[in-house]
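Subject: A structure to look through, with notes

Dear colleague,

I am handing over a structure for you to look through, and my notes on it follow below. Please keep it open beside this message while you read.

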Amino acid sequence: MCTRRSRSCGPRSTLPFVDLGRLALQLERALLPPACLLCDEAIPMSEGDALVCALCRSRWRPVPAPVCVRCGAPSPPEGPCRDCESWPPEFGCVRSAVWLDESARRAVHLLKYDGWWRVADAMASPMRTLDPVAEKATLIPVPLGPRRRVQRGYNQAEQLAEALGRVSGYPVAGDVLVRTRETATQTALTPEARSANVSGAFAARHEVAGRVVVVDDVFTTGATIIAAATALLTAGACQVDAVTFARARPPGAALVP
């Protein structure tokens, strides 16, 4: 029997628990709401800690069907697709979430050059419904060379793969592929020069098993993805597919919805 009041036998406190950290965050959001990186408008509290507002994400224009079953380009009116006829037959398919229009291009630039690595979360959201990630696979980002990685502080493709892994539940293997040499920036190169620039530029650190999905930010000609896929197939992958956030519009397709 208790003879004196103590902490163990006294009445329990009925005061509600207050998460001061969360309360401070909510107060900060109310007084200083974050601005969307693309339009500079305030982001509502209902959108959490997003860096790109829902309205701007809705402006990203999906690549519409029908598309080539391999390279994801808008299907030609007749005949075989010339964009991927020279691709290795062992490679599976590539799909891109949106066109590389102004808003999507700005998001890529923020991720790639301006240090906003968390914008990858918004970019990965439309990628989760692409065909190559409909079934479980290991996600493998296209690697950067050591010099560019030091300059940027991170690999933008790896940030995309990690974000896609979080929303899909798929594993990410960021250390499988390496660049065997530094390559020139692909931006100003012709399709032929792009292929030559990245030919043999990738290698796998170890044997690769099962099905893998290569992840990159932008699809232009497919040269980088095919070079990376070739290295993974050589290392033993049974199937290699690929996904990118954006796809550059082909010549003459500026008005395609």
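Which backbone oxygen lies 2.8 Å from a polar atom of the side chain of R247? It is the backbone oxygen of C71, and the distance falls within the limit for a polar contact, which is a pair of N or O atoms within 3.5 Å, where within protein one must be able to donate a hydrogen and the other to accept it, and where residues adjacent in sequence count only if both atoms are side-chain atoms.

Before going further, please note that this is a predicted model, in which local features need pLDDT of at least 70 and side-chain atom pairs count only at pLDDT 80 or more, while totals for chains, interfaces and linings use all residues. Residues are numbered from 1 along each chain as its sequence is written, and side-chain values use heavy atoms, with hydrogens and water left out.

The chain as a whole

The chain holds eight helices and six strands, where helices (H or I, at least four residues) and strands (E, at least two) are DSSP runs numbered from the N terminus. Read from the N terminus on, the elements follow the pattern α-α-β-α-α-β-α-α-β-α-β-β-α-β. Of the 257 residues in the chain, 43% are buried; buried means under 20% relative accessible area, exposed means over 50%, and partly exposed lies in between, with a 1.4 Å probe and protein chains only. If we take the contacts (heavy atoms within 4.5 Å) with a separation of 6 or more, residues 24 or more positions apart account for 70% of them.

The sheet

Four strands form an open sheet in the order β1-β6-β5-β2, with parallel pairing; two strands pair if DSSP finds at least two bridges between them. Its edge strands are β1 (91-99) and β2 (138-141), each of which pairs on one side only. Neighbouring strands of this sheet are turned by 25° against each other on average, direction ignored, where axes are lines fitted to C-alpha atoms, for helices over the stretch in contact, and angles run from 0 to 180 degrees between N-to-C directions.

Between β1 and β6 (residues 239-247) there are six bridges in the parallel sense, and along this pair F91 stands opposite V240, while R95 stands opposite V243. Although β1 is an edge strand, eight of its nine residues are buried. Helix α6 (residues 156-168) lies across β2, β5 (211-219) and β6, and runs at about 125° to β5.

Charged residues

R247, with which these notes began, lies in strand β6. R247 is buried yet has no salt bridge, and the nearest side chain of opposite charge, that of D83, is 4.5 Å away; a salt bridge requires a side-chain nitrogen of Lys or Arg within 4 Å of a carboxyl oxygen of Asp or Glu. For opposite charge, Lys and Arg count as positive and Asp and Glu as negative, while His and the chain ends are not counted. Leaving aside neighbours within four places in sequence, R247 has contacts that include C71, G72, W99 and F219.

R95 lies in strand β1 and D131 in the loop between α4 (120-124) and β2, so the pair ties together parts that are 36 residues apart in sequence. R95 is buried, with a relative accessible area of 12%, whereas D131 counts as exposed at 51%. In another salt bridge, R149 and E158 have their closest N and O atoms 2.9 Å apart; here R149 is partly exposed at 36%, and E158 is buried at 16%.

Two details of the loops

The peptide bond from A65 to P66 is cis, with omega near 0°, and A65 has its place in the loop between α2 (54-58) and β1. At 71% relative accessibility, A65 counts as exposed. In the loop between α1 (20-31) and α2 you will find D40, which has a positive phi of about 70° although D40 is not a glycine.

With best wishes
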